Amino acid sequence: MDSLQAEDPRFLKRRVKGCTLEVHPTDRALVVQYEVEATVLGEMGNPMVGERKECQKIIRLKSLNAQTDTSSLARKVVEECRLIHSSKLCEVEQLLFYLQNRKQSNDNQEKKRISPRDFTPYAEVEVGTGGEVASINSIDEYVELLYEDIQEKIKGATLIFQLARNSDNLEELMQNETVLGALARVLREDWKQSVDLATTIIYVFFCFSSFSQFHGHVTHFKIGALCMNIIEHELKRYDLWQDELQKKRKAYILFSEKFSENPNLKKEHEKSFRKYQSLLTKQEQLLRVSLGLLLNLAEDPRTELKMRNKNIVHTLVKILDRDDEELLLVAVSFLKKLSIFLENKNDMAETFAVEKLSRLVPCDHEDLLTTNLRLLLNLSFDTALRSQMIHAGLLPKVSSLLADEAQRQLCMCILYHISMDDRFKSMFADTGCIPQLMKMVFDCGEEEMDVELISLCINLAANKSNAKVICEGNGLKMLMKRAVKVKDVLVMKMIRNLSQHSGPSKSLFLDYVGDLAAQISEKEAEAEEFVIECLGTLANLTIADLDWALVLEEYNLVPYLKDRLKPGSAEDDLILEVVIMLGTVSMDDSCAAMLAKSGIIPALIDLLNAQQEDDEFVCQIVYVFYQMVFHEATRDVIVKDTQAPAYLMDLMHDNNGEIRKVCNNTLDIITEYDEEWGKKIQNEKFRVYNCQWLDMVENRPMDEAGESFLYGDGEPFIGDGDILERADLFYSADGIMSADSAISPDFYSDFQDGELGETGYMSSLPEQFVPAGRPVSAYGFHSDEQFFSNCNTASR
């Protein structure tokens with residue numbers, strides 16, 4: 001026995017070996033990797049048990065910024081961290097220099113889970129222990145304190161919390177089965193009796209929740225559900241405090257108004273307010289650590305679903321009314337995590353969370369502001385929530401943050417989502433946002449531009465009020481200079497949006513027609529997307545002072561446009577833009593004649609056959625025909641030398657309403673100027689309008705009595721002739737139909753041309769048709785567009 005006792009371990013020997021340094025992947029911190037070799041020595045000094053353990057230490061450098069002296073900071077790190085040998089001073093300095101110049105990723109910073117280090121030390125940790133330092137060897141004594149009165153319980157829980165704050169002790173605490181069980185029991189039984197006790201115990205479990213491997217143990221004791229109950233209870237207490245404080249304030253004001261101010265009453269009122277502030281501080285600390293624990297446990301979607309079923313969203317939104325920034329940070333972080341699910345997003349919409357979040361923009365707490373903007377970005381994907389953001393006044397607030405480089409990218413993403421809605425585009429013109437965006441665009445020089453920035457600018461340029469602000473000064477000139485020099489497709493797309501607005505801004509493009517036309521050539525085949533935007537911009541320039549004929553001749557564009565009309569010669573987007581541009585230049589008489597002589601009209605018909613299934617192609621090609629029939633030279637070519645009218649007659653039956661409108665109005669013009677085609681068009685319109693009735697007559701079955709025809713027993717009603725040649729199909733009217741009812745559709749043509757004089761009921765006839773002004777849009781016919789001021793067709 002004595003020999004065995006002689007071999008009992010006497011002391012422990014530790015050695016630190018293999019210290020290496022790395023930078024933290026997301027934070028501004030150094031990671032020290034080292035190996036601890038622990039040896040248990042016997043009484044005689046001989047080693048009995050040996051063990052090696054790999055450890056790491058994170059040195060957070062919160063003060064590191066662009067102005068920090070890395071040499072001085074490196075010396076300070078080496079002096080204070082005993083694990084780093086002085087010989088590694090140069091290596092530490094190099095790592096600090098790398099961290100100083102590394103661009104921080106907001107995404108990675110937001111993804112990290114809240115850890116115990118993120119919370120400021122709880123004040124009761126030092127007060128409740130009387131300055132005693134906790135030791136892992138005395139854990140059993142601390143557990144015994146949990147079975148005493150409230151003050152002893154607070155002391156025991158506080159000492160255990162001191163141990164739990166060191167992550168190296170968590171594994172050993174977990175292996176002690178009585179520790180967590182006793183803490184959970186005390187919390188469940190006594191949390192209403194002492195806020196300090198509840199806060200301290202939840203802090204202990206919070207330390208465990210910071211690591212995924214301990215989540216199962218925390219869940220086992222149902223700490224999450226208990227925290228939900230505690231939060232709900234504390235929020236009700238807060239409402240009672242508010243009501244009581246409001247009543248006392250009103251009583252104090254009424255008493256002061258009726259009587260002279262009483263010093264004792266004033267002191268009593270101030271004392272009540274100080275007590276309320278003290279209670280509020282402790283409550284917010286409790287709420288903060290409880291929410292932090294729930295946020296950590298919500299890593300498991302199943303646990304998060306349970307929280308949602310207990311209205312966690314409504315609880316968090318209610319907490320947004322508080323003023324404590326640290327509590328708000330946890331609440332907003334939790335909402336941000338929940339917002340990626342549709343059900344939670346809908347709950348936030350119902351509780352008007354956006355209105356409460358807008359109160360926090362801007363704020364002095366940088367982390368809170370960043371997290372809040374990220375939450376708003378998640379919510380901005382919803383149209384209804386974007387409307388709430390506008391009503392809450394977030395647009396000017398977010399726009400003002402564009403000057404803050406740290407928040408700029410998030411702000412641009414939020415503004416981009418808002419700018420997607422046409423209802424809100426015009427509001428940007430009054431926020432001061434556009435000048436800031438233009439400055440950012442010009443500061444890029446020839447460097448690649450952030451996609452968020454140029455995407456927002458493209459959306460804003462689609463509004464007339466914004467376009468006016470963008471083009472002010474040298475705005476358009478600078479944009480054109482960058483677009484042409486760098487061949488920037490996105491900037492050119494922004495310019496194209498600017499060119500579609502009528503008014504003074506469109507006249508500014510007269511100076512750049514040559515620059516745009518020069519980009520359209522076969523040499524630019526490798527920059528096809530850029531050419532598409534240039535063509536689209538030129539197609540928008542419906543300016544009266546622009547001599548399109550001169551532009552086409554000087555830059556030899558007619559052969560290029562004709563070649564691009566061949567199916568398969570280029571991408572469909574490019575061919576479509578060529579067709580749209582032809583519709584614009586065809587408004588000019590000389591241009592229309594030039595295009596007709598070049599053989600573009602047959603090329604358009606071939607393209608129409610090839611793209612007959614594409615409504616956009618069909619509508620734009622028909623629009624070109626519509627523009628050309630206004631000119632005598634091109635009208636004759638279309639009517640006499642091509643089959644374009646026949647194609648247009650077929651398209652009268654198209655399912656697309658816009659195509660039918662353009663075709664009908666184009667055919668009306670042809671009817672006025674060509675008698676032969678006019679008769680064909682009138683007959684076809686009659687067929688289209690009365691097709692159901694004609695079909696009923698032609699396919700009428702025999703009745704039961706064997707009667708072959710509805711009217712009479714003679715020859716078939718239709719026979720072998722054309723139904724339109726049957727005079728008895730027309731409506732008869734005294735003074736219009738002759739005695740033998742032999743009236744053909746020619747009667748209506750003569751009637752329309754005014755050749756019947758005063759023989760009919762119509763005493764006054766319309767004057768000869770004169771086409772009114774044509775539409776100025778290069779994008780085809782619009783539903784609200786009036787092609788003629790006076791038009792009489794013989795469609796019925």
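**Side-chain contacts**

Mentor: Let's begin with Lys680, which is partly exposed at 38% relative accessibility (buried means under 20% relative accessible area, exposed over 50%, and partly exposed in between, with a 1.4 Å probe and protein chains only). This is a predicted model, where local features need pLDDT of at least 70 and side-chain atom pairs pLDDT 80 or more, while totals for chains, interfaces and linings use all residues. Residues are numbered from 1 along each chain as its sequence is written, and side-chain values use heavy atoms, without hydrogens or water.

The partner of Lys680 is Glu676: their side chains form a salt bridge at 3.8 Å, N to O (a side-chain nitrogen of Lys or Arg within 4 Å of a carboxyl oxygen of Asp or Glu). Glu676 is exposed, at 55%. Both residues sit in helix 41, residues 675–689, four residues apart, or about one turn of the helix (helices are DSSP runs of H or I with at least four residues, strands runs of E with at least two, numbered from the N terminus).

In total, the structure holds 25 salt bridges. Another joins Asp421 and Arg423, at 2.7 Å from N to O. Here Asp421 is buried, with a relative accessible area of 12%, whereas Arg423 is partly exposed at 49%. Arg482 and Asp488 also meet in a salt bridge, at 3.1 Å, and both of these residues are buried. Salt bridges can link up, too: Lys493, Arg496, Glu533 and Glu577 belong to one network of them.

Now for the rings. A search of the whole structure finds seven aromatic pairs (rings of Phe, Tyr and Trp, its six-membered ring, with centres within 6.5 Å; planes under 30 degrees apart count as stacked, over 60 as edge-to-face and the rest as tilted). Among them is the tilted pair of Phe161 and Tyr203, with 4.9 Å centre to centre and 35° between the planes. Phe161 lies in helix 7 and Tyr203 in helix 10, residues 195–209, so this pair ties together parts that are 42 residues apart in sequence. Both Phe161 and Tyr203 are buried.

Phe208 and Phe214 make an edge-to-face pair, with centres 5.5 Å apart and planes at 80°. Phe208 is buried at 1% relative accessible area, and Phe214 is buried at 5%. Together with Phe211, Phe208 and Phe214 form one aromatic cluster.
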